[in-house]
Amino acid sequence: MRKIVGIGLLVLLASCASNPYRGSEKIYNTQIRSFTKDLKKKEKNAYLDSAGNALASQWVSTVNFNLRKPNYVIIHHTAQKSTKETLKTFTQAKTQVSAHYLIGTDGAVTQLLNDYLRAWHGGVAKWGSISDINSVAIGIELDNDGLSPFSDAQINALIAVLQKLKTSYTIPQSNFIGHSDIAPTRKVDPSVYFPWAKLAEKGFGYMPAPLLTEPIPTTFDPLLALRVIGYDTKDGAAAVTAFKRHFIGKNDGSDLSEEDLRALYNVYCKY
Ligand SMILES: [Zn+2]
């Protein structure tokens, strides 16, 4: 009997040692139970009239529904040293940040959150009229310090994840964008090293066509074009800088050359 208890203890210790994220797993499961309770709530008399009196309202359950689906993918680089460091960041409550997926330089994929749940990766951000990006988007972090190229293994793994997400949730090609697109005054990720053209070839995001020669209309308004694409142009220079980082692969500020304007006009025409 004593021997069996001993073995049991050893197994328990071994499982603790093999899963350093046991603590966050427990909290995750507790939160899921709490959200399940929220989903079961059936509100009645929840509205107040102008005098502050509860309006009579009832609940009748429909039978035709499913889960809401994410419609955007936001790509980030971690600006950290390793997958391990980022996993530590994402499993500690004090950091208040997370993403659905983390992809290592070796192409290893870690999922941290069910796709249907809201991760905390966008921060203060805007795209088109969407002000709560986290509610509509999947967040994908790439382990990268922000100063280095992305490995083929990592990008190939990313493409595999994107393919599954695009198919599962019918995400349009235009809706694969970067953190710096939605928060141009605050963020620069993913960096100019990120291969947006390779992704666009596979159907994730748009890029300007090569060797552009078509004339730009004299009435063309670059800031209006950026707004049509989705950029928040409250800070026009930041929006242009972010556009150039993503769509032209340049990290040289907010001036638009003739070539840059052609690229902007070409991308704008795809929207
Ligand atoms: Zn980011």
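This is a predicted model: local features need pLDDT of at least 70, side-chain atom pairs count only at pLDDT 80 or more; totals for chains, interfaces and linings use all residues.
Residues are numbered from 1 along each chain as its sequence is written, and side-chain values use heavy atoms, with hydrogens and water left out.

Let me begin with the metal. The zinc ion has as its protein donors His76 through ND1, His179 through ND1 and Asp189 through OD, lying 2.1 Å from it; donors here are N, O and S atoms within 2.8 Å of the metal (3.2 Å for Na, K and Ca), and since water is not among the atoms, sites may look incomplete. Written as a sequence pattern, the spacing of these donor residues is H-x102-H-x9-D. Distant parts of the chain are linked here, with His76 in strand E1 (residues 72-77) and His179 in helix H5 (residues 179-182), 103 residues apart. For these elements, helices (H or I, at least four residues) and strands (E, at least two) are DSSP runs, numbered from the N terminus. Are these two histidines buried or exposed? His76 is buried, with a relative accessible area of 1%, and His179 is buried too, at 4%; by buried I mean under 20% relative accessible area, by exposed over 50%, and by partly exposed anything in between, with a 1.4 Å probe and protein chains only.

E1 and E4 pair in the parallel sense over 6 bridges, where two strands pair if DSSP finds at least two bridges between them, and Ile75 stands opposite Ile140 in E4. Strand E2 (residues 101-103) also runs parallel to E4, joined to it by 3 bridges, and Leu102 has Glu141 as its bridge partner in E4. In E4 itself (residues 137-142), 6 of the 6 residues are buried, so the strand is largely enclosed by the rest of the structure. In a regular strand the side chains alternate between the two faces of the sheet. In E4, Ala137, Gly139 and Glu141 point one way, Ile138, Ile140 and Leu142 point the other way, and all are buried.

Which residues does Leu158 touch, not counting residues up to four places away in sequence? They are Ile75, Ile103, Ile140, Leu142, Phe194 and Leu199, where contact means heavy atoms within 4.5 Å.

Now to the charged side chains. A search of the whole structure finds 6 salt bridges, each being a side-chain nitrogen of Lys or Arg within 4 Å of a carboxyl oxygen of Asp or Glu. Lys244, Lys250, Asp252 and Asp260 are linked in a network of them. Lys250 and Asp260 form another, their closest N and O atoms being 2.7 Å apart; Lys250 lies in the loop between helix H8 (236-248) and helix H9 (258-270), and Asp260 in helix H9. Lys250 is partly exposed at 23%, whereas Asp260 is buried at 2%. Asp260 is one of the buried residues of H9, which pack against helix H7 (222-229) and H8.

I will finish with the backbone. Most residues other than glycine have a negative phi, and most peptide bonds are trans. Thr170, in the loop between H4 and strand E5 (176-178), has a positive phi near 50° and is exposed, with a relative accessible area of 58%.
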